[in-house]
Amino acid sequence: MGACLSVDEATVKSRHIDRQNKKDYNEERRVVRLLLLGTGGSGKSTIVKQMKILHGTDCAGTPGMTQEDRVAAMDTCRSNAVDSMGVLLSACSRLGYSLGSGLEDARVRVIKATESGCGGGVYTSQLAQDIAALWGDVSLQKVVIRGNEFQLCDSAPYFLTHATRLATPDYLPTDEDILRARSMTSGIVVVPFQTKEVKFELVDVGGQRSERKKWIQCFDNVTSVLFIISLSDYNQVLYEDNTTNRMRESEKLFAEILNCIFFKRTPFIVFFNKVDLFQQKLKYAKIDNYLPEYSGTQDYQEALNFIKKKFLSKNKFPERDVYSFETTATDTNLVKNIFGAISEILLNKMLSNAGFE
């Protein structure tokens, strides 16, 4: 009798575990897993931040970035201002420009702060005033125009313009500060978020060459690949290799991932990102100087169509769905609308795969 009871208890326990496993499996199937890929600096991490702004909540249930997120971003925002000015001062000297009178002491203090390696930690009111004064110099404004000749982050003008605000005693980064803050992604970051219709997991991995060997760890159970291409990269070189054009690198990487056997049937969502910067650059940087195969004008739509065709024509699996969008990742409303469209596309695809038309 005791043995029978023992068997019955074991059977009940086993069935309970089986039911739980089935429930977990079904819930897992309902999660849309987006693998976020692209070269370094393309805007992948900005998309992750947007999801936190649009769908994140703090412990009290308040939507958006948490207080902890904002405090954690303070040092990065301030470091971006210090480091950007350091890069500009170095380029100013190398390119043969001279600063205006009365700025030497400010230059010395900023250089000292950049060399300390902890720009955000030494960001005083005096340093902020120095950066603001230097940023107003005519020579540095000329250097910025030639930013493709050295490594200057896209958000440098933003943080240099707001240098004094970053030093106020009650400073706390705004959403825009956080979106524009640049820091290199290392390793694998998984960000879960929930829309009204779909539960997502956004998997972000570093885009630099040294980080890409980790990508294969994320290839299992991917619902869709979200690949980010920076339109404004056409006249820039890689951080890690100053002989390679960034757009060429992005094109090569995109072709490799798009035609990877792992993703033969996986839908691709392609963001042609940094539309705002691309439009600005078209006014002064001729595309055919960097992509000689281009024979068109500097017209935005013509140039955009050329780049889109250049990338999307790489697809060797025509039966696989590829959806493309033009984006500015720092524009929250635009990203919200685009992700709404993406949610609908992927939800309909999941229903279709489950037998519902």
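Helix 9, which spans residues 246-258, lies across strand 1, strand 4, strand 5 and strand 6, and runs at about 165 degrees to strand 4. This arrangement belongs to a predicted model, in which the secondary structure of the protein comes to 12 helices and six strands.

- The six strands form an open sheet, in which they follow the order 2-3-1-4-5-6 and the pairing is mixed.
- At the edges of the sheet are strand 2 (188-194) and strand 6 (322-326), each of which pairs on one side only.
- When direction is ignored, neighbouring strands of this sheet are turned against each other by 20 degrees on average.
- In general, the strands of a sheet pair through backbone hydrogen bonds, and this pairing is either parallel or antiparallel.
- Strand 1 (residues 31-38) and strand 3 (residues 199-205) run parallel and are joined by six bridges, and L35 stands opposite V203 in strand 3.

**A helix across the sheet**

- Helix 2 (residues 44-55) lies across strand 1, strand 2, strand 3, strand 4 (224-230) and strand 5 (268-273), and its direction makes an angle of about 150 degrees with strand 3.

**Helix 9 with helix 11**

- The axes of helix 9 and helix 11 (residues 300-312) come within 9 Å and cross at roughly 35 degrees.
- On the side of helix 9 the contact is made by M247, R248, S250, E251 and F254, while helix 11 contributes I307, K310, F311 and L312.
- Sorted by class, the residues in the contact of helix 9 with helix 11 are five nonpolar, one polar and three charged.

**Helix 4 with helix 5**

- Helix 4 (residues 104-115) packs against helix 5 (residues 125-135) at an angle of about 120 degrees, and their axes are 9 Å apart.
- Angles from 65 to 115 degrees count as roughly perpendicular and those over 145 as roughly antiparallel, and helix 4 and helix 5 are therefore oblique to each other.
- The crossing in which helix 4 passes helix 5 is left-handed.
- Helix 4 takes part in the contact through A106, R107, R109, V110 and A113, and helix 5 through Q126, L127, D130, I131 and L134.
- The residues in this contact of helix 4 with helix 5 divide into six nonpolar, one polar and three charged.

Technical notes:
Residues are numbered from 1 along each chain as its sequence is written. This is a predicted model: local features need pLDDT of at least 70, side-chain atom pairs count only at pLDDT 80 or more; totals for chains, interfaces and linings use all residues. Side-chain values use heavy atoms; hydrogens and water are left out. Axes are lines fitted to C-alpha atoms, for helices over the stretch in contact, and angles run from 0 to 180 degrees between N-to-C directions. Helices (H or I, at least four residues) and strands (E, at least two) are DSSP runs, numbered from the N terminus. Angles under 35 degrees count as roughly parallel, over 145 as roughly antiparallel, 65 to 115 as roughly perpendicular and the rest as oblique. A crossing is left-handed if the near helix is turned anticlockwise from the far one by less than a right angle, and right-handed if clockwise. Contact means heavy atoms within 4.5 Å. Ala, Val, Leu, Ile, Met, Phe, Trp, Tyr, Cys and Pro count as nonpolar, Asp, Glu, Lys and Arg as charged, and the others, Gly among them, as polar. Two strands pair if DSSP finds at least two bridges between them.
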